[in-house]
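Please keep the sequence and the three-dimensional view at hand while reading.

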Amino acid sequence: MSKWAFIDTFFGILSVEYYKDTILSTKWVLSNKNPCRTTHPVVLSLKKEINKYSLKPNYKINCKTNIVGTTFQKNVWKNLCDIPSGTTLSYGELATIMKSSPRAIGQACKRNPLPLIVPCHRVISKNNIGGFMGTNAGRAIDIKLSLLNHETVFI
């Protein structure tokens, strides 16, 4: 049975679902709650990886994951991992690369079970920042902007 823990990061609190030595999902916590923490080795290892990313924006977070989704979603998520730090693609540009539609790309980004590890924040609208975690406003967009600013996409 999987367990949940929380990691304080420079960008906000990240909830982490894990089982044994594998990260199953992560999600940004959008409330101001003070969640409980853990000392489980897989969570501590992920925290070290996030700290390395915090110090070096082009650092690629490396951890064992088990990502669950449709074949299409997994292909989108793989393509997201190929977008270099400091770079963005629009939903339309990624759709062209994948021979898909911008809406389908957006839906796959919305369902990304590993935000930060799979950098969906690097996909934006052609006219603005786009959405993040299924919303176009509030704390989620603040986190997206913080991540992009960290990677020097927007200053």
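The side chains of Asp21 and Lys64 form a salt bridge, with N and O 3.4 Å apart; the term denotes a side-chain nitrogen of Lys or Arg within 4 Å of a carboxyl oxygen of Asp or Glu. Asp21 lies in the loop between β2 (12-19) and β3 (22-28), and Lys64 in the loop between α1 (41-55) and α2 (71-81), 43 residues apart. Helices (H or I, at least four residues) and strands (E, at least two) are DSSP runs numbered from the N terminus.

## Basis of the description

The model is predicted: local features need pLDDT of at least 70 and side-chain atom pairs count only at pLDDT 80 or more, while totals for chains, interfaces and linings use all residues. Residues are numbered from 1 along each chain as its sequence is written, and side-chain values use heavy atoms, with hydrogens and water left out.

## Further salt bridges

The whole structure contains 4 salt bridges. One of them joins Lys52 and Glu49 at 3.6 Å, N to O. These two residues are 3 residues apart in helix α1, so about one helical turn separates them. Lys52 is partly exposed at 41%, whereas Glu49 is buried at 8%.

Another salt bridge links Lys78 with Asp82, whose closest N and O atoms are 3.3 Å apart. Lys78 is exposed at 51%, and Asp82 is partly exposed at 45%.

## The two largest pockets

A pocket is an open set of points on a 1 Å grid over the protein atoms alone, where a 1.4 Å probe fits, with protein on both sides within 12 Å along at least five of seven lines; lining residues have an atom within 4 Å of a point. The largest pocket holds about 320 Å³ of space. Its lining has 16 residues, and Tyr91, Gly106, Gln107, Lys110 and Gly131 are the closest to its centre. Helix α4 (residues 102-110) contributes the most to this lining, with 6 residues.

The second largest pocket has a volume of about 180 Å³, a volume being the space filled by probe spheres set on the points, which are joined across faces, edges and corners. Among its 16 lining residues, Tyr59, Lys60, Ile83, Pro119 and Arg122 lie nearest its centre.

Conventions
Buried means under 20% relative accessible area, exposed over 50%, partly exposed in between (1.4 Å probe, protein chains only).
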